[in-house]
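Please keep the sequence and the structure in view while reading.

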Amino acid sequence: MQFVREPAPTYKLSPSESTVYEGNAAEILRLLPDKFFRCVVTSPPYWGLRDYGTDGQIGAEDDPEEYVARLVEVFVQVRRVLTEDGTLWLNVGDSYTSGNRTYRAPDKKNPVRAMAYRAKTPGGLKPKDLVGVPWRLAFALQNAGWYLRSDIIWEKPNCMPESVKDRPTRAHEYLFLFSKSLRYYYNASAVADPNGRNRRTVWSIPTEPFPGAHFATFPPKLVEPCILAGSASGDWVLDPFFGSGTVGVVSEQLHRNYVGVELNHDYVLLALQRIRNTERLLFVDYEQQAR
């Protein structure tokens, strides 16, 4: 595994080993070769929920439509670097309008929710509306040429508490499965239920805090079935919003090559440390078992 910081914009990249690139995803993806990755697993910053303190960050736009448009631009490049039989597994959370409040105070049960800025209530929405960001993005990607194949409910049995009394506490997020083509690689046997039944669309997976990581850490148990279903041993996996590096950790364990792209320097350092401390699991040939 190697680390490359802010590659020159005119320098074409052709990774020969697993690599973490520090920089803007839209810019770095343009430097990667066509049809290189078989599987993409990622969770971009959510709109209007957190301030990651990085110039150029996605998620701090004034309007969700601008947020969706920026992500569609990134995923145009993702689709280009994906093999014809490749898949995209996209996790994205939802949010509520601010009611034109300009900040968000910390919650006693959830202090990290505090924000120094908040976007105004977008046109067409009302104060306290659920924005519907995941489906807005899913439909936009569908219109951009992706095949929308499944909406998976990530149910969180240990969800973050909320101080609300006029609606249920949110205990789920969406994980969308997209494909580049009508027919694509999907190893159903590798992710079947213990009784051999085809995997269902509701996955109950607890969140897992990681010391030093930001609050949006991908749980490995959510990433693992995506990589097992969407790639074979030795394939290349991409995460254009690498965060604290969970996709790299799971790829290491499952004997996949990977590329991660992350804008925030502190998260890059954290991801590199996590990956260096990762031990590969005993090799299991899931592809052979499926035949």
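Is R80 buried, partly exposed or exposed? With a relative accessible area of 24%, R80 is partly exposed, where buried means under 20% relative accessible area, exposed means over 50%, and partly exposed lies in between (1.4 Å probe, protein chains only). This is a predicted model, in which local features need pLDDT of at least 70 and side-chain atom pairs count only at pLDDT 80 or more, while totals for chains, interfaces and linings use all residues. Residues are numbered from 1 along each chain as its sequence is written, and side-chain values use heavy atoms, with hydrogens and water left out.

**Salt bridges**

- The whole structure contains 13 salt bridges, each being a side-chain nitrogen of Lys or Arg within 4 Å of a carboxyl oxygen of Asp or Glu.
- One of them joins R80 to D34, with the closest N and O atoms 2.5 Å apart; R80 lies in helix α2 and D34 in the loop between α1 and β3, 46 residues apart.
- E73 pairs with R30 at 2.9 Å between the closest N and O atoms, and both E73, at 42% relative accessibility, and R30, at 35%, are partly exposed.

**Cysteines**

- The structure holds zero disulfides, a disulfide being a pair of cysteine sulfur atoms within 2.5 Å.
- The sulfur of C39 has its closest cysteine sulfur in C226, and because they are 7.1 Å apart, they are too far for a bond.
- C39 is buried at 0% relative accessible area, and C226 is buried at 1%.

Definitions and conventions
Helix = DSSP H or I, 4+ residues; strand = E, 2+ residues; numbered from the N terminus.
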